[in-house]
Amino acid sequence: MSAKERIDLSKIPSHVCVIMDGNGRWAKRQGLLRTIGHQNGVKAVRDTVEAAAEIGVKFLSLYAFSTENWKRPRWEVDALMDLLVSSINKETKTLMDNNIRLTAIGDIESLPSNCRKNLQEAIQKTAGNTRMTLIIALSYSSRWEIIQASKKIAEAVAAGRLSADDIDDSVISANLSTSFCPDPELMIRTSGEHRISNFMLWQLAYAELYFTDKLWPDFRKEDFYEAIEDFQKRDRRYGMVQEQTTD
Ligand code: IPE
Ligand code: IPE
Ligand code: MG
């Protein structure tokens with residue numbers, strides 16, 4: 001029986017996020033340039049998007065480029081931006097065929113203009129699609145996002161539109177770039193690193209974390225389904241005791 005067949009379709013997490021890591025090491029192991037690793041990561045993106053849509057995941061977030069990744073050597077950053085443009089152009093048709101909406105979170109203004117343009121076109125084109133929303137985190141970091149949210153909330157308080165006493169969980173959530181979707185229930189990170197690297201710090205408060213040693217270019221549908229299967233075995237308690245949370 002495959003991992004997909006073992007999945008309980010009545011318990012699919014509505015939002016799954018993925019830290020796609022290990023492209024550089026994948027390339028290095030074969031004596032290739034890091035950029036070749038990034039190119040080979042595109043197939044893993046396609047497989048993951050298809051796998052998620054097939055079992056009814058509603059929101060899939062992929063961490064593609066962090067605020068900190070700007071500090072990488074210029075040639076690698078340029079290659080990643082070029083790859084982003086070519087992948088968006090190539091994959092938009094697949095997104096349309098599969099009824100998947102594309103959206104992006106992060107400091108989109110900081111991206112090169114051709115990147116921004118292609119991204120915005122793909123977002124507009126797929127805006128009416130309803131099967132799943134694919135959220136690409138680009139030039140994203142959670143601390144950056146929380147700072148932006150804090151500024152918006154401070155401005156609302158200063159303008160008298162909000163009282164400081166009314167700031168609660170929902171006000172913070174509503175001011176984050178993920179305000180349109182539920183918090184992720186499952187976070188997957190590839191490449192054997194056990195850290196969050198500034199990704200969705202607020203939103204991951206009660207997410208189940210799943211780490212695999214697979215390097216991102218080797219990640220396939222079956223690996224995604226294994227993560228879902230593992231998630232479904234977890235006992236999620238949200239601070240309570242088991243008897244309160246099991247039905
Ligand atoms: C993930 O792979 C892709 C990005 C962060 C853009 P890495 O490039 O981080 O690969 P490793 O971690 O060096 O192997
Ligand atoms: C996290 O991977 C960012 C993305 C996957 C886009 P990194 O490779 O940049 O993270 P660190 O440096 O291992 O923490
Ligand atoms: Mg890495």
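A polar contact is a pair of N or O atoms within 3.5 Å; within protein, one atom must be able to donate a hydrogen and the other to accept it, and residues adjacent in sequence count only if both atoms are side-chain atoms. By this criterion, a polar side-chain atom of Arg 195 lies 2.7 Å from an oxygen atom of ligand 2. The model is predicted: local features need pLDDT of at least 70, side-chain atom pairs count only at pLDDT 80 or more, and totals for chains, interfaces and linings use all residues. Residues are numbered from 1 along each chain as its sequence is written, chains are lettered from A and ligands numbered from 1 in the order in which they are written, and side-chain values use heavy atoms, with hydrogens and water left out.

Arg 195 is one of the residues around ligand 2. A residue is near a molecule if one of its heavy atoms lies within 4 Å of it. Arg 189 places a polar side-chain atom 3.3 Å from an oxygen atom of ligand 2. For Asn 69, an N or O atom in the side chain is 2.9 Å from an oxygen atom of ligand 2.

Ligand 1 is surrounded by Met 20, Asp 21, Gly 22, Asn 23, Gly 24, Arg 25, Arg 34, His 38, Ala 64, Asn 69, Arg 72 and Leu 80. Asp 21 has a polar side-chain atom 2.8 Å from an oxygen atom of this ligand. Arg 34 has a side-chain N or O atom 2.8 Å from an oxygen atom of ligand 1. Arg 25 contributes through its backbone, with a polar atom 2.7 Å from a ligand 1 oxygen.

Helix packing was examined next. Helices (H or I, at least four residues) are DSSP runs, numbered from the N terminus. Axes are lines fitted to C-alpha atoms over the stretch in contact, and angles run from 0 to 180 degrees between N-to-C directions.

Helix H3 (residues 34-55) packs on helix H4 (residues 74-97) at an angle of about 30°, with their axes 10 Å apart. H3 and H4 are therefore roughly parallel (an angle under 35 degrees). Contact (heavy atoms within 4.5 Å) involves Arg 34, Thr 35, His 38, Gln 39, Val 42 and Arg 46 of H3, and Trp 75, Glu 76, Ala 79, Leu 80, Leu 83, Ser 87 and Glu 91 of H4.

H4 also packs with helix H5 (residues 113-125), at about 15° and with axes 9 Å apart. H4 and H5 are therefore roughly parallel to each other. From H4, the contact draws on Met 81, Leu 84, Val 85, Ile 88, Asn 89, Thr 92 and Met 96. From H5, the partners are Asn 114, Cys 115, Asn 118, Leu 119, Ala 122 and Lys 125.

The axes of H3 and helix H8 (residues 221-233) come within 8 Å and cross at roughly 50°. Lys 221, Phe 224, Tyr 225 and Ile 228 of H8 meet Asp 47, Thr 48, Glu 50, Ala 51, Ala 52, Glu 54 and Ile 55 of H3.

Key: Helix = DSSP H or I, 4+ residues; strand = E, 2+ residues; numbered from the N terminus. Parallel < 35°, antiparallel > 145°, perpendicular 65-115°, else oblique.
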